[in-house]
Amino acid sequence: MGATKAAESPALGYEEARAELVDVVRRLESGGATLEESLALWERGEELAGICRTWLEGARARLDAALAEREDEAEGAGAGED
């Protein structure tokens with residue numbers, strides 16, 4: 001469910017999702033919420049965590065691609081020096 005929800009909310013940026021997630025965790029840890037409120041907060045937290053995970057996985061893929069491209073360029077430059 002988390003990955004589906006994350007895919008439905010691409011307009012929420014990583015920093016926004018993370019800040020809201022921090023607030024959700026703070027509210028859950030402070031206690032005082034009813035069971036239904038706590039469940040709703042938990043569900044929102046799971047959704048926000050999925051959004052953050054999606055952003056981080058995308059960032060990792062971009063970094064990996066950039067590093068691979070850099071290695072390919074370096075190998076190509078080194079091959080011509082025989």
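**A charged patch and its setting**

A: Glu 69 is partly exposed, with a relative accessible area of 49% (buried means under 20%, exposed over 50%, and partly exposed in between, with a 1.4 Å probe and protein chains only). This is a predicted model, in which local features need pLDDT of at least 70 and side-chain atom pairs count only at pLDDT 80 or more, while totals for chains, interfaces and linings use all residues. Residues are numbered from 1 along each chain as its sequence is written, and side-chain values use heavy atoms, with hydrogens and water left out.

Glu 69 belongs to helix 3, which covers residues 35-79 (helices are DSSP runs of H or I with at least four residues, strands are runs of E with at least two, and both are numbered from the N terminus). On the surface, Glu 69 gathers with Glu 71, Asp 72, Glu 73 and Glu 75 in a patch of negative charge. Such a patch is made of residues with over 30% relative accessible area and no salt bridge, with like charges joined within 9 Å; Asp and Glu count as negative, Lys and Arg as positive, and His and the chain ends are not counted. The place of each charge is taken as CD of Glu, CG of Asp, NZ of Lys or CZ of Arg.

Other charged residues in the chain do pair up, and the structure holds five salt bridges (a side-chain nitrogen of Lys or Arg within 4 Å of a carboxyl oxygen of Asp or Glu). In one of them the side chains of Glu 20 and Arg 44 meet at 2.8 Å, N to O. That pair links distant parts of the chain, since Glu 20 sits in helix 2 (residues 14-30) and Arg 44 in helix 3, 24 residues apart. Glu 20 is partly exposed at 29% relative accessibility, and Arg 44 is also partly exposed, at 25%. Arg 44 meets Glu 47 as well, in a salt bridge of 3.1 Å, N to O; these two residues both lie in helix 3, three residues apart, or about one turn of the helix. Glu 47 counts as buried, with 16% relative accessibility.

Through shared partners, salt bridges join Glu 20, Arg 44 and Glu 47 into one network.

A further residue of helix 3 is Leu 41, which counts as buried at 9% relative accessibility. Leaving aside neighbours within four places in sequence, Leu 41 is in contact (heavy atoms within 4.5 Å) with Val 24, Arg 27 and Leu 28. Leu 41 and Asp 23 are 18 residues apart in sequence, and 9.8 Å separates their C-alpha atoms in space.

For the chain as a whole, there are three helices and zero strands, and the pattern along the sequence is α-α-α. Of the 82 residues in the chain, buried ones make up 15%. Among contacts between residues at least 6 apart in sequence, 79% join residues at least 24 apart. The chain exposes about 6400 Å², with 55% of that area supplied by carbon and sulfur atoms, and accessible areas come from the Shrake-Rupley method with a 1.4 Å probe.

Technical notes:
Patch = residues over 30% accessible without salt bridge, like charges linked within 9 Å, V, L, I, M, F, W, Y side chains within 5 Å.
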